[in-house]
Amino acid sequence: MSNSTNKGTDFPKLVSAGADAVIVYLGEGISVSVNQQVLAAAKAVEEQLSDVVLDLVPSYNSLMVYYDVLRTDEPEIRERLRKTLSDLTSDDQEQNGKHHRIPVYYDESVGPDLARIAETNNCSIDDVIKAHTEQIYRVYAMGFAPGFAYLGEVSEKIRTPRLDNPRKRITAGSVAIAESQTAVYPSSSPGGWNIIGRTSTQLYDPSSGTISPLNVGDEVEFYAVSKEQFIEEGGDTEALS
Amino acid sequence: MMRIIEPGMRSAVQDFGRFGYLSKGLTRGGPVDEHAFLWANRLLNNDFNAAQIEVTLGGFEAEFDSDCQCAVTGADVELTLDDERLNNWQNFKVRAGQRLKMGYATAGVRVYLAVQGGFQVEPKWGSCATVTRDAVGGLYGDGSPLKADDELNFNEQEFQISRRVGWTYRPNYEKTPVIGLIPGFQYDAFPMSAREAFCYEDYEVTKDSDRMGIRLSGKALEYDDEGLVSEGVNVGSVQVPANGQPIIMMHDRQTLGGYPKLGTINPFDLGRLAQCQPGQTVRFTRIEGKVAQQQLRRFYQFFNVRLACQAGDNLRS
């Protein structure tokens, strides 16, 4: 069949992403092992193709490679990518990301979907909070908006589909879940995820020069804080509109 | 210094864009019509990246307190300096105290106003490109567009000889453009009917278009496969949401997305698409990636665009 490699799989698969980019698919769907391969590929490409690469965007199962058309062309970069990717060994996948702990004030005043998630999943609000804080999440992708990290995977006990009608405005710092994913809204924006609480941790603040401490491959753990702690850390208690 | 009297519907500072932060979710920004932008800088012997003002649909007015040389390209607007009528797509001298005024665009959407040496605006993360959605860039660094009484500085420069863009290089924004599509991303997963519809049917630019995306209306494009896991989205990517009406992602696009994509617009044609007014018809045609790449290379070489210097050490910090 076409596109088969000598390993007998369809991956890595290189596909055009425009006149100045190629997208590399490392596998299908959402899994830690595929995402680890994406990261390993990103690291290798960054090291070995730094003379022509302008930007790299790792996601769940793919890596976008933006390159300088004045220094290379598509056939050449495809060949170099194939070479770089075929040299990857399983050892390259074993690097550990950073671990981040993010405080969350879980309360209905700032987490208007807590009660509904509890009801949908036949449990109490405390159970929802417990399930959300027990898990250690992986940053699978960053994007959509600056500093927005897609974290997985949410415990099956509290998975809830996106809202049918997205809210017009979600306050910055809102902690949310959608199916198996959880995230913090780094800035105020419209959004359709279920809001369960709010953090005082800034994940995007152009005025202070912070884009985000998070990178794909990092680990994130949430822990519950009281209203007093949340306010002390500079948290915004304004109710969600 | 130049003081804004009337910013019109929307005016914002743009340089060529912010490169190297896509992996953090920060988008590129920059002029949606790179062709018109680069011509304005070239007319003034500016660096390709010198900051200009992108004016949406005209209606802009500003006063200068020092002598300088300017150029206006892009959408067709009536241009006056005090009472004197000026031509677009050429450089012109401005004396201290004079007022530059733009009428409303009769064709095209974005007007570019450049000053010799470029407007001096503090860069944020390597660029002063205004991205309002990301709250970054622009005169105050916070992504806000320009407003009345804002003052923009520039370095006074020696006057230079008059230059204008030859007629053959000037686009006619009223004409129905034929825009190149480089097949890519999920192209092979789209049914033949969708691939053919996009390249053989007429599409209309809708009024919901903005710097994030040009929204089209026309024959709906079918896509049978399951939804995608979010992946990178390039400037020019042709995204097809559930209703089948394609959206061409522009410079303020989101960096990741989960909608299937038919491919990417030839960057050389993208500026022409950006200049289509709501209701205007556009046609698409397949183009080989290799051909588009050669065009892009010549385009960058002609305007002396150097992107590597832009990204610097930002790459995956």
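Analyst: **A contact and its surroundings**

B:E54 and B:R211 form a salt bridge, in which the closest N and O atoms are 2.8 Å apart. The model is predicted, and the values discussed here are computed from it. The separation of 2.8 Å falls inside the cut-off, because a salt bridge requires a side-chain nitrogen of Lys or Arg within 4 Å of a carboxyl oxygen of Asp or Glu.

To place this pair, consider how chain B is divided. The domain assignment gives domain 1, residues 2-169, and domain 2, residues 178-288. From domain 1 of chain B, 27 residues take part in the contact, and from domain 2 of chain B, 16 residues do. The C-alpha centres of the two domains of chain B lie 28 Å apart.

How many salt bridges does the rule find across the interface of domain 1 of chain B and domain 2 of chain B? The rule finds one. Polar contacts are also found across this interface of chain B, in 13 residue pairs, with both residues at pLDDT 80 or more.

Which elements of chain B give two or more residues to the side of domain 1 that touches domain 2? They are β2 (10-14), β5 (68-76) and β10 (107-115) of chain B. Of these, β10(B) gives the most, with five residues. Sorted by class, this side of domain 1 of chain B has 11 nonpolar, nine polar and seven charged residues.

The area buried between domain 1 and domain 2 of chain B is about 1600 Å², and carbon and sulfur atoms give 46% of that area. Three residues, B:V32, B:V109 and B:R133, supply 33% of what domain 1 of chain B buries against domain 2 of chain B, more than any other three residues.

The view may now widen to chain B as a whole. Chain B contains five helices and 21 strands. Its radius of gyration is 19 Å, close to the 20 Å that the globule rule gives for 317 residues, so chain B is as compact as a globular protein of that length. The C-alpha trace of chain B spans about 60 × 45 × 35 Å along its principal axes. One local feature of the backbone deserves mention: B:D82 is not a glycine, yet it has a positive phi of about 50 degrees. B:D82 is found in the loop between β6 (79-81) and β7 (84-86) of chain B.

Chain B also meets chain A. In this contact, 51 residues of chain A face 44 residues of chain B. The area buried between the two chains is about 3800 Å², of which carbon and sulfur atoms give 59%. A:L54, A:L70 and A:I211 supply 16% of the area that chain A buries against chain B, more than any other three residues.

Across the interface of chain A and chain B the rule finds zero salt bridges, but it finds 24 residue pairs in polar contact, both residues being at pLDDT 80 or more. Several elements of chain A each supply at least two residues of the side that touches chain B, among them α1 (32-48) and β3 (53-58). The element that gives the most to this side of chain A is β3(A), with six residues. By class, the side of chain A that touches chain B has 30 nonpolar, 14 polar and seven charged residues.

Nine residues from domain 1 of chain A and eight residues from domain 2 of chain A make the contact. The area buried between the domains of chain A is about 800 Å², with 57% given by carbon and sulfur atoms. Between domain 1 and domain 2 of chain A the count is zero salt bridges, and three residue pairs are in polar contact, both at pLDDT 80 or more. To the side of domain 1 of chain A that touches domain 2 of chain A, α1(A) gives the most, with four residues. That side of domain 1 of chain A is made up of five nonpolar residues, four polar residues and no charged residues.

Conventions. Residues numbered from 1 in each chain as written. Chains lettered and ligands numbered in written order. Predicted model: local features only at pLDDT ≥ 70, side-chain atom pairs only at ≥ 80, totals over all residues. Heavy atoms only, no water. Domains from an automatic or database assignment. Contact = heavy atoms within 4.5 Å. Buried area = accessible area lost by both parts, 1.4 Å probe. Polar contact = N/O pair within 3.5 Å; in protein donor to acceptor, adjacent residues only side chain to side chain. Nonpolar A, V, L, I, M, F, W, Y, C, P; charged D, E, K, R; others polar. Rg over C-alpha atoms; globule rule 2.2 N^0.38 Å.
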